[in-house]
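Dear colleague,

Please find below the structure that I am handing over to you. My notes on it follow directly after.

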Amino acid sequence: MTKNVLRSNSAEQTRAIGAMLAQSLLGGDVVLLSGDLGAGKSEFARGIAAGLGVQGPVTSPTFTLLNIYQTKHGFDLRHFDWYRIQDAEELLLSGLDELIGGEGITLIEWHERAKGLVPRKHLEVAIRTLDEHSRELVLHAAGGFRLLDFTNPPREQMP
Ligand SMILES: Nc1ncnc2c1ncn2[C@@H]1O[C@H](COP(=O)(O)OP(=O)(O)O)[C@@H](O)[C@H]1O
Ligand SMILES: [Mg+2]
């Protein structure tokens, strides 16, 4: 189990951290974005999308449950937001549960709504609001998810 705590002082910084994390993600990875409304989950998702070379706007899938984007790596990016569902049943009925995991990268906001559908192997990014512009980001790798140290430059670039 790996834990990692980061701090962001602006929405831009949160997106930049997301973009950096994206460089260490592989097809099939599942990333849970948790935190209260307005914490910055969708900003973080925007950063991940940018890091994966997604073109065009990345909007919150609050009403659609899922948005899918093409990445520069060939696999797609699946961005779920389960805020508006009551339970796993709703996702199962929609058939969208089949798009969790698989070959693309999956991001899930409000995974708490359907915990039973969350793959055991995942990375959770828990975002906590400290004040208007500051957030604490706690990264927690579970089920054998291998989190690379993406925040530091490679060793050979160190002075
Ligand atoms: N450090 C920060 N990180 C992320 N968002 C921030 C930060 N500071 C301020 N914000 C603002 O907080 C809001 C976060 O919105 P959003 O990403 O949609 O939240 P969520 O998806 O968690 O409900 C945005 O309006 C953003 O500009
Ligand atoms: Mg959101």
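In which sense do strand β3 and β4 pair, and over how many bridges? Strand β3 (residues 66-70) and β4 are antiparallel partners, joined over five bridges. Strands here are DSSP runs of E with at least two residues, helices are runs of H or I with at least four, and both are numbered from the N terminus; two strands pair if DSSP finds at least two bridges between them.

Before going further, please note that this is a predicted model, in which local features need pLDDT of at least 70 and side-chain atom pairs count only at pLDDT 80 or more, while totals for chains, interfaces and linings use all residues. Residues are numbered from 1 along each chain as its sequence is written, and chains are lettered from A and ligands numbered from 1 in the order in which they are written.

Together with helix α3 (residues 88-94), β4 and β5 make a right-handed β-α-β unit; right-handed means that, with the strands pointing away from the viewer, the path from the first strand over the helix to the second runs clockwise. Strand β2 (residues 30-34) runs parallel to β5 as well, joined to β5 by four bridges, and the bridge partner of Leu-33 is Glu-109.

Strand β5 (residues 105-109) is largely enclosed by the rest of the structure, because five of its five residues are buried. A residue is buried if 20 or more other C-beta atoms, placed from the backbone, lie within 10 Å of its own. Ile-105, Leu-107 and Glu-109 point one way from β5, whereas Thr-106 and Ile-108 point the other way. In a regular strand the side chains alternate between the two faces of the sheet.

A further antiparallel pairing links strand β6 (residues 122-129) and strand β7 (residues 135-142) over eight bridges. A hairpin through five residues joins β6 to β7, and Glu-124 has His-140 of β7 as its bridge partner.

As to ligand 1, there are 19 residues around the molecule, of which Ala-11, Thr-14, Gly-40, Lys-41 and Ser-42 come nearest; a residue is near if its C-beta atom, placed from the backbone, lies within 6 Å. Helices α1 (11-22) and α2 (41-51) each supply at least two residues of this shell.

Yours sincerely

Methods
Buried ≥ 20, exposed ≤ 12 C-beta atoms within 10 Å, placed from the backbone.
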